[in-house]
Amino acid sequence: MAQAVVAAEPAEVEPGQIVAHGHDTNTGVSNAKLAIWLFLSSEALFFGAFISTYFLYRGRDAQFLHGPTPDQLLNIPFTSVTSFILLMSSLTMVLALAAIQRGDHRRLRIWLLATAIFGATFVGGQVYEFTEFYRQGLHLGTNMFGTTFFVLTGLHGAHVTVGIIWLLLVWSRSMQGRLPQEKSEAVEIAGLYWHFVDIVWIFIFTAIYLIPTHT
Amino acid sequence: MTTVEDATALVHAPEKKHSRLLDRPRATTGPWSWVTTVDHKKIAIMYGTLAICFFMVGGVEALFIRLQLARPNGTILSAARYNEFFTMHGTTMVFLLGMPIAAAFGNYLVPLMIGARDVAFPRMNMLGFWIFACGGIFLYSSFALGGAPDGGWFGYAPLTSTPLAAGYLPGRGADFWCVGLIMLGIGSVATAVNFLVTILNMRAPGMTMMRMPVFVWMILVIAFLTLFAMPPVTAALIMVFMDRNFHTNFFNAAAGGDPLMYQNLFWIFGHPEVYILILPGMGIVSEILPVFSRKPLFGYSIVVFSGIAIGFLGWGVWAHHMFVSGLGPIAVSAFGLSTMLIAIPTGVKIFNWLATVWGGAVRLRTAMLFALGFIAQFTIGGLSGVMHSIVPSDTQQTDTYFVVAHFHYVLFGGLVFAVFGGFYYWWPKFFGRMLNEKLGKVNFWLMVIGFNLTFFPMHFLGFEGQPRRTYTYPSGMGWDTLNLLATIGAFIIALSVLVFLVNVIYTARRGEEAPADPWDARTLEWSIPSPPPEYNFAVVPVVTSLDDYWHRKYTEDDEGRLVRLPAGGADGADGDQTPVGFDPHSIHMPSPSYWPLIFAVSLPTMGYGFVFKNWYLLAAGVIVAFFGLVGWGIEPPTEPEPHGTEAH
């Protein structure tokens, strides 16, 4: 019955059968893109757990341990600038993807590098911020702000760093001429991760810097 | 058939040399072919073998626990060793048996059941296995490296999180536990993503979602649960590790931390985890019962939706593990209600299974016996579970042996019975030989007797107040006889597992060869030879209905009686539908690889670096991980033929 129909279709046995691209998957989304979306949904809960913990412990410093409080430490204008740079890196990421999709490899490389440099600027700003806070007496164990701030922003910074390395690998692949236009999905997937890390920062920035601590 | 001939010509062309960091592994036989394999079936067999090894290690720990508790004032284990054994018993059975055995069955069966030739990401699949292997070895290496985990499988803070120097748990055990579980979590998420993409994207033509076998549905649900349950517990474990080693105060109440937050983060993982463990068992049983009743599964869509409902409701019941932690009456009532609610889809499934068997032409083969054992014992476990939704009753039972009895009825009486049923059912497909039925029945009955003898008395011990996780008890509490019975039962279980192993060895040597479809079954995996060829399906099947393979074999006459279709449908003795002139070389399967293994090995390297604060080891691990990922990224999944499609 059923297989009689199939046996008449030798095309089904063609090489490359299991290498699924967008057009021959059941959902129409390519395997790699579906996988990165699923992975990012998992990451969202990872950051969600740390952000919830931050909110739970927010403002508990005064009653317990001493040491500098967030309003003494946070340099909002400085971090706003580095945050703006990080958000702009999402724009350059979009430009990089647009470039490879129309086959402009020179601009692809420029925008990839720009994205990585913007990201590195953000991480550099974070390193400066950490050292500054440490100098002013905020350690991991000083108070709940120290505990939650360093771990939450540190994990985010680690994610940005991974993203920078990823972008540089994509860039070097393009420099070696091994990233043709039809493989633009490699850029798109790195971009999805990058945008995700940016969006997470919007939440973290709001939680830590914009919502007043002592109400 | 020009395509096939062209491909054959390509295969015999000389091999091209590649300039890479590592040459692609080429072994197709011998141990090295297993180490580097990306074939989902070989990976599944490795998952299963290693999980059963850990099952036996965890079982030996349980035997020591039972020996210690057989008599009052037992002296076989010291209190400290007892803590290590019950912690590692729980951790092993959850993370090194329950989750990997689901990955084993899922890996082998999901592609076969949906008509695919492999999973979506064969190398990520390989990575999942090797992370499991590395994580398991890492956890167990703690016995030799400064003490095993001893804070319970749930590792409550602040017991586990107090800094090492002043800590309640002075050894390295809790550090090994945190890092080991984070590692295993990474592997589980990789495996979950792989299953999700495979099931959502790689189904054969016509295999719509509502034509998928229930087992595939249950793997889909647990993959989603794993994806969303692992991150919170990973966060909690990171916090515990930071508290112990880096002076943070996440769970230090004296500094403003909140130990209750740990319980929330842990159980928001921990309760979905329970369903991650049991749903594959439900899937296995839903495959076995129809075949041995010669009836379709009763209410297929209801069973599927009940499984999904369990998956959703599983997120709203976590605090029933915390009723004595002082959440307040409103939270406690809400979680009590949601716990009652989740019994509904579970009950629906049980009635559907019963209705499947009802009126069927039941064949009591060993696989069917285990499936029926599952229903009976899981129902008992489910009922004691509903008892826990009654908050005052739960408060009374918290931390007593009643809880131990409850979850062993669900996870041993449920999951383990389903797994053994699955072994007897699919063994012919996995290895091409039938497990011996006589030994199988001995295995089953010993396990039923041993299991109930071990765990049924624990209900009473719990009501009489015997606490969990306590290494001994004085005589005169009225607990002596029941504890002795439980210990005898545990050794009967061990005997039944031995009978299974004897059966495996006997089958490997003298077992009856299995045809493609020994049980006259319903799903696609039985339509191909036993064991299946590497490429699974010579011709990708086109699916026209639920239980498609059954409908290829049978139709109904006017009065609703089954009529076997003539051959050309399928000849049940040999379901090989390989077309004439078919050349397996024309199918390009993913090539073996070293890279996932290299990346997997980097994780315990980093892990030891963290546990012993050896930053050189940590840096070495990071470098190996980077090397592994870059090599992985450069290597194509399938080695291109000399003048293949790769254009550069």
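**View 1. Two domains of chain B.** The domain assignment of chain B gives domain 1 (41–576) and domain 2 (588–640); such bounds come from an automatic or database domain assignment. The C-alpha centres of domain 1 of chain B and domain 2 of chain B are 29 Å apart. This is a predicted model: local features need pLDDT of at least 70, side-chain atom pairs count only at pLDDT 80 or more, and totals for chains, interfaces and linings use all residues. Residues are numbered from 1 along each chain as its sequence is written, while chains are lettered from A and ligands numbered from 1 in the order in which they are written.

**View 2. Where domain 1 of chain B touches domain 2 of chain B.** Here 18 residues of domain 1 of chain B are in contact with 16 residues of domain 2 of chain B (contact: C-beta atoms, placed from the backbone, within 7 Å). On the domain 1 side, the elements that give two or more residues are α5 (122–141) and α6 (173–201) of chain B. Helices are DSSP runs (H or I, at least four residues), numbered from the N terminus. α5(B) gives the most to this side, with eight residues.

**View 3. Helix α8 of chain B.** α8(B) covers residues 259–293, and its 35 residues should span 51 Å at 1.5 Å a residue (1.5 Å times one less than the number of residues). Its end C-alpha atoms are 51 Å apart, which agrees. α8(B) bends by about 30 degrees at Trp267(B) (the angle between axes fitted to the seven residues ending there and the seven starting there). Arg294(B) follows α8(B), with a positive phi near 50 degrees.

Terms used: Two residues are in contact if their C-beta atoms, placed from the backbone, lie within 7 Å.
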